[in-house]
Amino acid sequence: MLSRFQILLLGWLIFVAGTTTVKGADTCLPAALKCEYLQTPLGVDAAHPRLSWLQADSRNGARQTAYIVKVAADPAALQSKPLWTSGKVNSSDRLIKYAGKPLQPFTRYYWSVEIWDQDGKKTPAVTSWFETGVGKQENWKGAWISDNTDIAMKPAAYYRKTFGAEKQILSARAYIAAAGLYELFINGQKAGNHRLDPMYTRFDRRNFYVTYDVTSLLQTGKNAIGVVLGNGWYNHQSTAVWFFDKAPWRNRPAFCLDLYITYTDGSKAVISSGKDWKTSTGPIVFNSIYTAEHYDARKEIPGWNTTQFDDSKWHDVIYRSAPSQHIVSQQLHPIENVEEIAAQSIRQLNDTTWVYDLGRNISGVSKFTVQGPEGTVIRLKHGEQLNKNGTVDLSNIDVHYRPTDNTDPFQTDIFILGGKGQETFMPSFNYKGFQYVEVTSSKPLKLKKEDLTGYFMHSNVPPVGNINSSDTILNKLWWATNNAYLSNLFGYPTDCPQREKNGWTGDAQIAVETGLYNFDGITIYEKWLADHRDEQQPNGVLPSIIPTGGWGYEWGNGPDWTSTIAIIPWNIYLFYGDTTLLSASYEHMRRYVDYITSISPTGITSWGLGDWVPVKSKSPVPFTSTAYYYADALILAKTAKLLGKQEDHKTYMALANKIKDAFNKTYLDANTGVYAEGLQTEQSAALYWGLVPDNLKAKAAKVLAQSVINNNYHLDVGLLGTKSILNALSENGYADVAYKLAAQRSFPSWGYWIVNGATTLFENWDINRSSDLSRNHIMFGEIGAWMYKGIGGIYPDENAPGFRNVNLSPAFPAELDHFSASHDGPYGRIISSWKREGKNIVYTVTIPANSKAVIRFPQQAKVSENGKAVPLQAERLTVAAGVHTFTIQS
């Protein structure tokens, strides 16, 4: 048995090895070891967890020719007597599924990888670890408990238990599942730094538990556990047009907990939730994930989660049935307070009213510190814009809220002071979308700018992309797009962090590439597609918002929105080279496509919402919905082939061709290349989704480009058109037109928002609309992905996905002096960077080890490398891993 010090030392060494980066590597080593796309995760329930790595090797031409992976429960046996080994595999693959004996629950497993480089030289083993979780449902020992109240009870419930740990503690893990939200405390300290756990799911079909390493929080002797439960989406007490309050699962929050303790002598103990726990209410007198949180500091219970507290006046708990029979581990990047943002200014309007400005729009919460008399009522009203008199204006974001009284004001925290000196409040079970906070007090107080701080909250997905150019507006637009994307990532992609917080499918399928170029988001998308599978009707129909309490099956869904079931798994495959999500979603994709076919026998479907929020012209719904129907059928056919379903491949390829033929027969004028009325959405959607016959692409693209030019390089599209227009131009010979459209500063354009002070993307092109103008919306976010593609030229290759092969098609707009795009893919960092030197362009490409690239240069370009002319094949050049610098003569 290893000592605690030895385990800690080994863990540190593993961490260092597992987080090695490729930057500056002059030798070959495996690096960035991950299990289920997470570094050293706890609570892994996957029967065959995915193990991945990359090759840290900066040499030109570096590649992996073979690998061997080993797994063991004892690090000392890892190399000599592993539990499982892949054996030497002659392959450049960097992802493998564990295929050994069944993994045991509550166990740490160590794993190593060794690779052979292009010269046949084997590297030393690099080691990491993961820990399994509860696994089977019967492994839970705790009971589901709650307090004896109903859904109308507003104060949050507090729970506690004390126990003894009389031996020296080696390690401890807490496993907690909740219906609702929770915060877990041990001996007065919060466990972990997560916010809003567990994530929102279809609670009556699937629930999450979270695992914490709480070793450092325990002590020899007496210990105390405390749990606070919030409503979250489980017991929605606020009312809005989506009927959150009528969800079929709704109930008073409950939880189940097991705390596993391992002592230094090898013995173990389990502390569980049960009838020996006590419950009471406390200072959180109301909490709504949708609106706000109310906190009465006069009701604080000092020391409630410590061993010294006397809980004799607290109440007994009750047993509750589990919310579902599917309690699974939450294996995704958690929501956190990712960024602290100081208030930029404060303005006092009168003796009791102040307005704070964070200087930028965020999702999250504010933390407020104040001193005042007991009973002073403070309201913190959060919003995105101001009235003319300087107060916070919610008219652009509260339009769908349907309050039944005045006790639950929208985005307005209520803080009642306890009168015991300086007091601080930050919500535990809520988040908002805001830039401004209006603070009103029932009594005059003295406030200063430092009293309020904002916290940008979101799923803390690692950044993997960067854009930089000589166009400052383009740089700000990229930054604003990322802010909007992150503001709408809370365990699932949402539309806006204030008015709705809904998982609108259309918004998410538009923005998925923006998310994947910029962030390592696979864990979030895999979770969300499981939500899709939970929500799908037997006939294949999906709701327009996911998860949902029941709203969305009758409005807003259809191929143009709920194609997420196909488009997102396909993009995960392209970006990660992993078929797991495609495989898990296959039958659901098939049922969905079959349903559309059943209601669209001609190949043209009219089911859908259409080109939402158009500038002027709106394309007909059958046009855009049929384009998405085709995309779904084609993805399904390709997926069938990948998964070895040959008959399905034939069937759905035939369906895709039928749809394409019907679409072109209905909408295409082959003489002119015009689709339907020739609107920007019509021309670009046909091109982008691959519906245009090869011999007519040039005609159709010319019509699109001329339409943009005739409109003085301005948009005339809605949501669906924003997905296709820039890409259709860039991919069909009009990159210069695409850039002028993307960089446009005047209305209507993305740049128009930026020059008018936007720090996130808006919901509407017209920034002066009186309603339906969320100032933090991701639905127009495809432009963030286009920068990587349309200028940087970085594309995945579906024949060598995961950027095993990188397709590079850079563009060099005359208005730009330099541009750089980088993306950290599964094989490492890809950089496509160029600058002008006189009349020439110097183009530098970095391709990670174990990958290669095909570069497509401009037509008739004269290209040299190190002063020597580079022979091109049809303007293309294949390069191996390494750094390559080319000079392109004008």
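The UniProt annotation "domain: Alpha-L-rhamnosidase C-terminal", from an unreviewed entry, spans residues 798–868; UniProt positions follow the numbering used here, feature names are shortened, and annotations may be inferred rather than shown by experiment. In the predicted model, this span is 0% helix and 62% strand, with its end C-alpha atoms 32 Å apart. Helices (H or I, at least four residues) and strands (E, at least two) are DSSP runs numbered from the N terminus. Residues are numbered from 1 along each chain as its sequence is written, and side-chain values use heavy atoms, with hydrogens and water left out. Because the model is predicted, local features need pLDDT of at least 70 and side-chain atom pairs count only at pLDDT 80 or more, whereas totals for chains, interfaces and linings use all residues.

Two further UniProt features come from the unreviewed entry. The feature "domain: Alpha-L-rhamnosidase six-hairpin glycosidase" is placed by UniProt at residues 464–790. That span is 56% helix and 3% strand, and its end C-alpha atoms lie 18 Å apart. For "domain: Bacterial alpha-L-rhamnosidase N-terminal", UniProt lists residues 167–338; here the composition is 0% helix and 43% strand, and the end C-alpha atoms are separated by 37 Å.

The protein is divided into domain 1 (29–132), domain 2 (137–332), domain 3 (336–404 + 430–459), domain 4 (465–791) and domain 5 (807–889), with bounds taken from an automatic or database domain assignment. The C-alpha centres of domain 1 and domain 2 are 35 Å apart. Between these two domains, eleven residues of domain 1 are in contact with twelve residues of domain 2, where contact means heavy atoms within 4.5 Å. The size of an interface is often given as the accessible area lost when the parts come together. For domain 1 and domain 2 the buried area is about 900 Å², of which carbon and sulfur atoms give 52%; buried area is the accessible area (1.4 Å probe) that two parts lose on being put together, summed over both. L42, D45 and F106 supply 55% of the area that domain 1 buries against domain 2, more than any other three residues.

Six residue pairs, both members at pLDDT 80 or more, are in polar contact between domain 1 and domain 2. A polar contact is a pair of N or O atoms within 3.5 Å; within protein, one must be able to donate a hydrogen and the other to accept it, and residues adjacent in sequence count only if both atoms are side-chain atoms. One salt bridge is found across this interface, a salt bridge being a side-chain nitrogen of Lys or Arg within 4 Å of a carboxyl oxygen of Asp or Glu. R173 forms a salt bridge with E131, the closest N and O atoms being 2.7 Å apart. E131 also forms a salt bridge with R108, with the closest N and O atoms at 3.1 Å. This second pair links distant parts of the chain, R108 in strand β6 (residues 108–116) and E131 in strand β7 (residues 126–131), 23 residues apart. The count of salt bridges comes to 43.

Backbone geometry was also examined. A cis peptide bond joins D197 and P198, with omega about -10°, and P198 lies in the loop between β12 (189–190) and β13 (207–213). The peptide bond from I546 to P547 is likewise cis, with omega near -5°; P547 lies in the loop between α4 (522–535) and α5 (559–562).
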